[in-house]
Amino acid sequence: MSGTAGTAICLLRCDLRAHDNQVGAPRVSVGPAPLVGRVRRDSPASRPAALTARSVFLQVLHWAQHNADFVIPLYCFDPRHYLGTHCYRLPKTGPHRLRFLLESVRDLRETLKKKGSTLVVRKGKPEDVVCDLITQLGSVTAVVFHEEATQEELDVEKGLCQVCRQHGVKIQTFWGSTLYHRDDLPFRPIDRLPDVYTHFRKGLESGAKVRPTLRMADQLKPLAPGLEEGSIPTMEDFGQKDPVDDPRTAFPCSGGETQALMRLQYYFWDTNLVASYKETRNGLVGMDYSTKFAPWLALGCISPRYIYEQIQKYERERTANESTYWVLFELLWRDYFRFVALKYGRRIFSLRGLQSKDIPWKKDLQLFSCWQEGKTGVPFVDANMRELSATGFMSNRGRQNVASFLTKDLGLDWRMGAEWFEYLLVDYDVCSNYGNWLYSAGIGNDPRDNRKFNMIKQGLDYDGNGDYVRLWVPELQGIKGADIHTPWALSSAALSQAGVTLGETYPQPVVTAPEWSRHIHRRPRRTVRSTCRGSRKRPTSLSKCQQWTAACQRRRN
Ligand code: FAD
């Protein structure tokens, strides 16, 4: 195509990286472009016959590099991402995530500059920005982007298709956000995706392959002449301030591909933490109990396929065990919720969920604000909620508990919790967030009916000595050991010795559940709990880990 190839606009969205800006079977439409939504998914027939095997692995930037004279990597700060959430009008993007995003955009610009290009940044809806660029430059021949899975993002894609059709510009889209490519799923069409994770995982593990990553070219094609790169906005431009750094945070990292790759280097190669992930992953305090890849994965600063390749390399060169397998096991949950979103569309946001269940959810704003602020009087819940507000992060164990508490103990509309997480989480990812909330609310992909976490038992099992609660609920610091989980069950003498007055220095519990009483005054378990126990992600048998380990050892030999 060179010679007459013109200019390609690469719209980057949740793929803010240069490495493995990986895509799968591209959907090409030349001239008047059909709407993305009209291209039948999962049908090999929807792929142009002319596509060669090689082009199947081309990537957004990489594709543009080979098909245009000028390439414009573009990021748009879409004003719709900074409005209110859908139901409860909470702010959509909180300060922790905004800062992380700005850092990621800055980092990508630096990386692209080293490759002779830059990241063009604009504030505006992508459809409008792209339309303006097409008109302004007059040389745009293609608009290239990764496809997303959820409604608002698909609407943007439709808008882009319309703009391109009006201007006779080619649309080139790719699928790249998941470990396994959408077109490689053994469940096709997508409505055949199992509703139970284990069936999904087994289906993939028994045949599907992860596509290899691609190396980005050392030099990128230049921007179209005369194009301004545009300034990267500041927190203040969005009416926000830099969040205060809290030394207690479990996620002190910055955004961007550079930091993401360094984190992997640290977690895998420098410390071997990955080799004990399965034993530590239910931790609550500090940076190292889990990978902390999620915030970078959410913005695409790191590719799941790159993580996969690094795990394989680690298993070949160091060790292959249940822990190394478990990281992939968890990454598959991420894939799963993305495919669930493709299957169910808007239903992942609906009150009745995937199961169309009528549950009389409450909308009690007072109870909700106790939960938001970490003032429910249930210390394990409050500690987690305060950590979230102060740092933008909460452990997976914490998330499962506070979600169960909101939906099962308080009976509040699950979307209140999902939207609060959407606002605050530094790793907010629409599919993982709504998928997990539906699951916790019992109207998603949990095969078990009426699963409910017991806040006291969970506190004792995962924070046996109460150190985590003490870290985030300092007004209870005077209560020693595990008693901190149930201050309302202490004698008034014990409370006064600890300097606690319930209802004054710390709230009375807004609710108590009958099943909690079995665990009050019980000593916590002595042993560090096996991470499989009580986890909803327990595999059906451990033999999978053993098989994986054996297979890896065979590969190494
Ligand atoms: P690790 O334990 O190191 O896991 C490795 C990776 O596996 C994670 O980075 C993540 O990509 C994936 N993963 C692990 N558990 C899950 C899971 N349950 N669902 C999907 N992917 C998973 N994760 C998000 O990335 N964004 C969200 O918005 C989000 N919202 C959640 C809401 C609720 C109510 C719950 C219960 C869980 C949510 N999770 C979400 C999943 C999980 O809690 C986080 O991915 C994890 O805690 C991030 O920390 P980590 O990267 O150290 O995870």
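What follows is a set of questions and answers on this structure.

Q: How do you know which parts of the model are counted?
A: This is a predicted model: local features need pLDDT of at least 70, side-chain atom pairs count only at pLDDT 80 or more, and totals for chains, interfaces and linings use all residues. Residues are numbered from 1 along each chain as its sequence is written, and side-chain values use heavy atoms, with hydrogens and water left out.

Q: What makes up the protein chain in helices and strands?
A: The protein chain has 20 helices and six strands. Helices are DSSP runs of H or I with at least four residues, strands are runs of E with at least two, and both are numbered from the N terminus.

Q: Why is Thr391 called buried?
A: Buried means under 20% relative accessible area, exposed over 50%, partly exposed in between, with a 1.4 Å probe and protein chains only. Thr391 has a relative accessible area of 7%, so the residue is buried. Its place is in helix 13. Across the protein chain, buried residues make up 60% of the 557 residues.

Q: What does Thr391 touch?
A: Contact means heavy atoms within 4.5 Å. Not counting residues up to four places away in sequence, Thr391 touches His96, Asp246, Thr249 and Trp472. In the protein chain, 81% of the contacts with a separation of 6 or more are between residues 24 or more positions apart.

Q: Why is helix 17 called largely enclosed?
A: Helix 17 covers residues 455-462, and seven of its eight residues are buried, so the rest of the structure largely encloses it. The buried ones are Met455, Ile456, Gln458, Gly459, Leu460, Asp461 and Tyr462. They pack against helix 13 (379-391) and helix 14 (396-409).

Q: How do you know which residues are around the ligand?
A: A residue is near a molecule or strand if one of its heavy atoms lies within 4 Å of it. There are 28 residues around the ligand, and Tyr277, Ser290, Thr291, Lys292 and Asn396 come nearest. A ligand oxygen is 2.6 Å from an N or O atom in the side chain of Tyr277. For the side chain of Asn396, the distance from a ligand oxygen to an N or O atom is 2.8 Å. A polar backbone atom of Ala294 is 2.9 Å from an oxygen of the ligand.

Q: Which residues lie nearest the centre of the largest pocket?
A: Lining residues have an atom within 4 Å of a point. The largest pocket has 41 of them, with His81, Lys92, Glu152, Glu153 and Glu422 nearest its centre.

Definitions and conventions. Polar contact = N/O pair within 3.5 Å; in protein donor to acceptor, adjacent residues only side chain to side chain. 1 Å grid on protein atoms, 1.4 Å probe; cavity = no way out; pocket = protein on both sides within 12 Å on 5 of 7 lines; lining within 4 Å.
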